[in-house]
Amino acid sequence: MKTIHLMRRALAALRGLVTRRGLATLATLATLATLILSPALAFAQEFVKVEGKVADEVPAGPFVAIAYGFIWIAILAYVVYIGRGVGRVRGELEEVRRKLDAAGKR
């Protein structure tokens, strides 16, 4: 019931967007909503009691290590990118200073 209310509010908010952007936007949003909400609705409607230990357990350690590794690599790449930009700006600034000094000596 709550999902239907949320969908109605979303559709009411998107009426202006649909008229401006066309039916392609509406079709895309409907497809995305269906893909996102279908599994959630299916799980919400079914209840299966789990007895005993769950057989399929995935160890979290490797995934956490991979996530941290990815974040650190992204931070390092960002720092290198910013460092190169700062170096380029410093070079251009030095060139402008040399040109101003040469123009001032005339």
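## Salt bridge

A salt bridge is a side-chain nitrogen of Lys or Arg within 4 Å of a carboxyl oxygen of Asp or Glu. A search of the whole structure, which is a predicted model, finds 1 salt bridge. The side chains of K99 and E95 form this contact, with 3.3 Å from N to O.

Both K99 and E95 belong to helix α3, where they are 4 residues apart, about one turn of the helix. K99 is exposed, with a relative accessible area of 55%, while E95 is partly exposed, at 36%. Buried means under 20% relative accessible area, exposed over 50%, and partly exposed in between (1.4 Å probe, protein chains only).

## Basis of the model

Local features need pLDDT of at least 70 and side-chain atom pairs count only at pLDDT 80 or more, whereas totals for chains, interfaces and linings use all residues. Residues are numbered from 1 along each chain as its sequence is written, and side-chain values use heavy atoms, with hydrogens and water left out.

## Fold and confidence

The protein chain has 3 helices and 0 strands, in the order α-α-α from the N terminus. Helices (H or I, at least four residues) and strands (E, at least two) are DSSP runs, numbered from the N terminus.

The mean pLDDT (the predictor's confidence in each residue, from 0 to 100) of the protein chain is 78, and 58% of its residues reach 70 or more. Confidence is lowest in helix α1 (residues 2-21), at a mean of 62, and highest in α3, at 94.

## Surface

Of the 106 residues of the protein chain, 3% are buried. Its accessible surface is about 10200 Å², and 67% of this belongs to carbon and sulfur atoms. Accessible areas come from the Shrake-Rupley method with a 1.4 Å probe; for residues, only the protein chains shown count as cover.

W72 lies in helix α3 (residues 60-104) and counts as exposed, at 57% relative accessibility.
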